[in-house]
Amino acid sequence: MEEVVLITFVCVLLPVSIVWIVARTRQHETNRKAEIMLKAIEAGVPVDMTQFQSAKKKSTGSIKQELLDKLSGACITGLMGIGFLTLGILRTLSWEFGRNMFLNKFWLPAGAVLLAVGIGLFISYFVGKNMLAKEIEAEEKALNQPKEQ
């Protein structure tokens, strides 16, 4: 019975509460910005609309940075996959290994999935690096040129 309750809390209640908290935070932030804007308009102060735009807008990172993010994700997931596969193989060779550890039956599938994701990210990194070489070079030249004023 305890397992069912624990799984229900972790798989249902926790994600729902996280989504609810995030939604309430965004709503509160929007309400505060609207309140500030209304007070500024009532006071006759000119309002700069750019400061009320969402700060959450994703800053357009460089192509190089996005590729490096893929590479780091590939390294992390690939190494985790290899680790889980190693644990799963050790578990199949010796049934006593990790017998009382949490979710020991899922080490092999989890390792296979993580390794597959890591390999996919590696492939995506190398393909992106080759396909976007000209764009990366143009981006670097634009960064190195002094800005005209």
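These questions and answers walk through a predicted model, from its helix packing to its salt bridges and surface.

Reader: At roughly what angle do the axes of helix α2 and helix α3 cross?
Author: Helix α2 covers residues 63–93, and helix α3 covers residues 107–131. Their axes come within 7 Å. The crossing angle is roughly 155°.

Reader: Are α2 and α3 roughly parallel or roughly antiparallel to each other?
Author: The axes of α2 and α3 cross at roughly 155°. Angles over 145 degrees count as roughly antiparallel. The two helices, α2 and α3, are therefore roughly antiparallel.

Reader: Is the crossing of α2 and α3 left-handed or right-handed?
Author: Two packed helices are described by the angle between their axes and the distance between the axes. Here the axes of α2 and α3 come within 7 Å. The hand of the α2 and α3 crossing is left-handed.

Reader: How many salt bridges does the structure hold?
Author: One of them joins Glu29 and Lys33. Another joins Arg32 and Glu35. In total, the number of salt bridges in the structure is five.

Reader: How far apart are the closest N and O atoms of Glu29 and Lys33?
Author: Both residues, Glu29 and Lys33, lie in helix α1. They are four residues apart, about one turn of the helix. Glu29 is partly exposed, with a relative accessible area of 32%. The closest N and O atoms of the Glu29 and Lys33 salt bridge are 3.4 Å apart.

Reader: What is the N to O distance in the salt bridge of Arg32 and Glu35?
Author: Arg32 and Glu35 sit three residues apart in helix α1, about one turn of the helix. Arg32 is partly exposed at 40% relative accessibility. Glu35 is partly exposed as well, at 37%. The N to O distance between Arg32 and Glu35 is 3.7 Å.

Reader: Which residues are linked with Glu35 in a network of salt bridges?
Author: Glu35 bridges to Arg32. Glu35 also bridges to Lys39, with the closest N and O atoms 3.6 Å apart. Lys39 and Glu35 are four residues apart in helix α1, so about one helical turn separates them. The partners of Glu35 in the network are Arg32 and Lys39.

Reader: Does Lys39 count as buried or exposed?
Author: Its relative accessibility is 52%. The cut-off for exposed is over 50%. Lys39 therefore counts as exposed.

Reader: Is Tyr125 buried or exposed?
Author: Tyr125 is found in helix α3. Its relative accessibility is 11%. Buried means under 20%. Tyr125 therefore counts as buried.

Reader: What distance separates the C-alpha atoms of Tyr125 and Leu90?
Author: Tyr125 belongs to helix α3. Along the chain, Tyr125 and Leu90 are 35 residues apart. The distance between their C-alpha atoms is 31 Å.

Reader: How far apart in space are Val117 and Arg91, C-alpha to C-alpha?
Author: Val117 lies in helix α3. Val117 counts as partly exposed at 41% relative accessibility. Val117 and Arg91 are 26 residues apart in sequence. In space, C-alpha to C-alpha, Val117 and Arg91 are separated by 23 Å.

Reader: How far apart in space are Ala116 and Leu93, C-alpha to C-alpha?
Author: Ala116 is also a residue of helix α3. Ala116 counts as partly exposed, at 49% relative accessibility. In sequence, Ala116 and Leu93 are 23 residues apart. The C-alpha to C-alpha distance between Ala116 and Leu93 is 23 Å.

Reader: What C-alpha to C-alpha distance lies between Leu87 and Glu35?
Author: Leu87 is found in helix α2. Leu87 is partly exposed, with a relative accessible area of 27%. Leu87 and Glu35 are 52 residues apart in sequence. Their C-alpha to C-alpha distance is 55 Å.

Methods: Residues numbered from 1 in each chain as written. Predicted model: local features only at pLDDT ≥ 70, side-chain atom pairs only at ≥ 80, totals over all residues. Heavy atoms only, no water. Axes fitted to C-alpha atoms, helices over the stretch in contact; angles between N-to-C directions. Parallel < 35°, antiparallel > 145°, perpendicular 65-115°, else oblique. Left-handed = near helix turned anticlockwise from the far one by under 90°. Salt bridge = Lys/Arg side-chain N within 4 Å of Asp/Glu carboxyl O. Buried < 20%, exposed > 50% of the residue type's maximum accessible area, 1.4 Å probe, protein only.
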